[in-house]
Amino acid sequence: MAGPKVRKSIGYRERNSTADRALDILQLFSEDRLVLSGAEISQQLGVARSTAYRYLQTLVSTGFMEDAPGGFRLGPRIFQLARLARAGIGLSEISLPVMRELARQTGETALLTRRSGHVVVCLERVEASRPVRLSYDRGQVLPINAGAAAEVLLAWASSEEIDAVLAEAPLRRFTPKTLVDPRRLNKRLAEIRKAGFAVSRSELDENVVGVAAPIRDSTGAVRAAVSIAALAARLPAEDTRRAADQVCAAAAEIASQLSLIES
């Protein structure tokens, strides 16, 4: 299989930096080319073997590459930098592109929420083409008993945490449909766990439908929730399953990307 071709738009005579050439060597590696010989590297770079080996010696001595049977492979310093890069990526950064696509697909506002004890924090909010007035805004803190996002986060909390929330009765009421009875709320949480998502109607904001799904980390624990909020007239009951599928797909995509940076 032919190896990747080095760009010819900038010749090596014009790029005298050792750093430039070291980066070109590192970029020769790919999933199907995990080990490269010195001869292959010099050929791909279009330089003499002695020149290529000089760069290779620098990369090996600094840990960016190491000797391997048949040539050279990426070294431990690369993996250390990869871990640092992953550590610098937060939940919001991963979620926002997915949320924008979810808002585009559904035409509704997308929300990212996280549980903090007995409250829910709105981390991000992406407006769609048809905005809606909501209690949730970026940075807003709300009780955990009202609305689809809050109920999803509570549903997968530990039984001890759920019992502690329910023991705080009377729970706060936002609308006539807010669940404040501990027995009814506990039953709702069981239904959410079985379905894998939550749908609420006018429980937090009047005439607003919420559809939420859990975002799991690499261990399977629920880390956050992604949801959409729409006016009830725009999302009738017969359309909620389709919306739930879209929200669940978004949650799965965020979870997949989380697993990559946490591995």
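The accessible surface of the chain in this predicted model comes to about 14000 Å², and carbon and sulfur atoms account for 51% of that area. Buried residues make up 46% of the 263 residues. The chain holds nine helices and eight strands. Of the contacts between residues at least 6 apart in sequence, 56% join residues at least 24 apart.

Strand S6 covers 198-201 and strand S7 covers 208-216, with Ser202 in the loop between them. Asn207 lies in that loop between S6 and S7 as well.

| Residue | Phi |
|---|---|
| Ser202 | about 60 degrees |
| Asn207 | about 65 degrees |

Phi is positive at Ser202 although this residue is not a glycine, and Asn207, also not a glycine, has a positive phi too. Ser202 has a relative accessibility of 10% and therefore counts as buried, the cut-off being under 20%.

A further loop, between helix H7 (159-166) and helix H8 (182-195), contains Thr178. Thr178 counts as buried because its relative accessibility is 3%. The side chain of Thr178 reaches the backbone nitrogen of Phe174 at 3.0 Å. Setting aside neighbours within four places in sequence, Thr178 is in contact with Asn145, Ala146, Arg172, Arg173 and Glu203.

Methods. Residues numbered from 1 in each chain as written. Predicted model: local features only at pLDDT ≥ 70, side-chain atom pairs only at ≥ 80, totals over all residues. Heavy atoms only, no water. Helix = DSSP H or I, 4+ residues; strand = E, 2+ residues; numbered from the N terminus. Buried < 20%, exposed > 50% of the residue type's maximum accessible area, 1.4 Å probe, protein only. Contact = heavy atoms within 4.5 Å. Areas by Shrake-Rupley, 256 points an atom, 1.4 Å probe, with all protein chains shown as cover. Polar contact = N/O pair within 3.5 Å; in protein donor to acceptor, adjacent residues only side chain to side chain.
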